[in-house]
Amino acid sequence: MKALVFPGQGSQFVGMGKELYDSRKEIKDLMDFSNEILGFDILKIMFEGTDEDLKKTKVTQPAIFIHSVAAVKAIDGTGAQMVAGHSLGEFSALVANGVLSFEDGLKLVSERALAMQEACDINPSSMAAILGLDDAKVEEICASINGIVVPANYNCPGQLVISGESKAVEEACNAMKEAGAKRALILPVNGAFHSPLMQPAQERLASAIENAKFRKATIPVYQNITTTAVTDPDEIKKNLIAQLTGPVKWTQSVQNMIKDGATNFVEVGPGKTLQGLIKKINSEVTVASAI
């Protein structure tokens, strides 16, 4: 069985989407529509902007979403039986399986980006990558730290990202190193994504999600929060809202997709990050880029 997987923040690059834009008229028209929906020329930033331009949250998240959905159109979503997305990528997955229209998906992604940026501005916060420790040990150390610090991204065995208040994240990193972590590296992000500090963003996004039209999925989506196959639109909404303050359980999602029959994973969107993670989760499956 084939699974389409969609990347999240961090996979952007200068020039992203230009080849897709030039490839077919219907893809060009779709991408041009993005500027109209957002009210600014995001394609110019994607094609010609700098790394710094692309790192701005209000640009990064819509840019990755636009690239991913254009790539789905380029391959005509051929023959997949399930989809999943890493954090932001879940919105791309929901367009690919018919739950959201491109327009509604992009509006929600834009609202999500602005809400997350607003929440970041309220509290000094950060994230850190922990390499070479068991998940259970990372969870135990986070629970022992004074202040807010939680597991945020279960990326693959031995690679977990933590998130929270800056001081608590630093203390956790020191404790992780003492416990034998190969690395405990503060990430260059300006907020504590997938932590309780995203509560203000969650409230703002919840309102937008409740007002958007969600359809029943044509194929199951394995959502970050539940890690299991979901098709019901109301459940999908609830999980999307919970995702902002809850962890991205990517390892567990991929394991469940494999258990349910996935043997071939196709990454749809910029970069190859997910392919590397999936291979570390299970070396026997095949991975590839969509384009």
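**Pockets and packed helices**

The second largest pocket has a volume of about 250 Å³. This is a predicted model, where local features need pLDDT of at least 70, side-chain atom pairs count only at pLDDT 80 or more, and totals for chains, interfaces and linings use all residues. Residues are numbered from 1 along each chain as its sequence is written, and side-chain values use heavy atoms, with hydrogens and water left out.

A pocket here is an open set of points on a 1 Å grid over the protein atoms alone, where a 1.4 Å probe fits, with protein on both sides within 12 Å along at least five of seven lines; lining residues have an atom within 4 Å of a point. Volume is the space filled by probe spheres set on the points, which are joined across faces, edges and corners.

Around the second largest pocket there are 16 lining residues, and F13, E19, L20, H67 and I291 lie nearest its centre. Helix α1 (residues 18–23) gives the most to this lining, with three residues; helices (H or I, at least four residues) and strands (E, at least two) are DSSP runs numbered from the N terminus.

Now turn to the largest pocket, which holds about 800 Å³ of space. Its lining counts 30 residues, with Q9, G10, S11, L187 and V189 nearest the centre. At least two lining residues come from each of α5 (57–75), α7 (102–122), β3 (125–131), β4 (149–156), β5 (159–165) and α13 (273–281). By class, twelve of the lining residues are nonpolar, 16 polar and two charged (Ala, Val, Leu, Ile, Met, Phe, Trp, Tyr, Cys and Pro count as nonpolar, Asp, Glu, Lys and Arg as charged, and the others, Gly among them, as polar).

Follow α7 onward to its packing with helix α10 (residues 199–211): the angle is about 160° and the axes are 8 Å apart. Axes are lines fitted to C-alpha atoms, for helices over the stretch in contact, and angles run from 0 to 180 degrees between N-to-C directions. The two helices are therefore roughly antiparallel to each other (an angle over 145 degrees).

Finally, look at helix α6 (residues 89–96) and helix α11 (residues 233–243), whose axes come within 11 Å and cross at roughly 165°. That makes α6 roughly antiparallel to α11. Here E90, F91 and L94 of α6 meet I236, L240 and Q243 of α11, a set of four nonpolar, one polar and one charged.

Notes:
Angles under 35 degrees count as roughly parallel, over 145 as roughly antiparallel, 65 to 115 as roughly perpendicular and the rest as oblique. Contact means heavy atoms within 4.5 Å.
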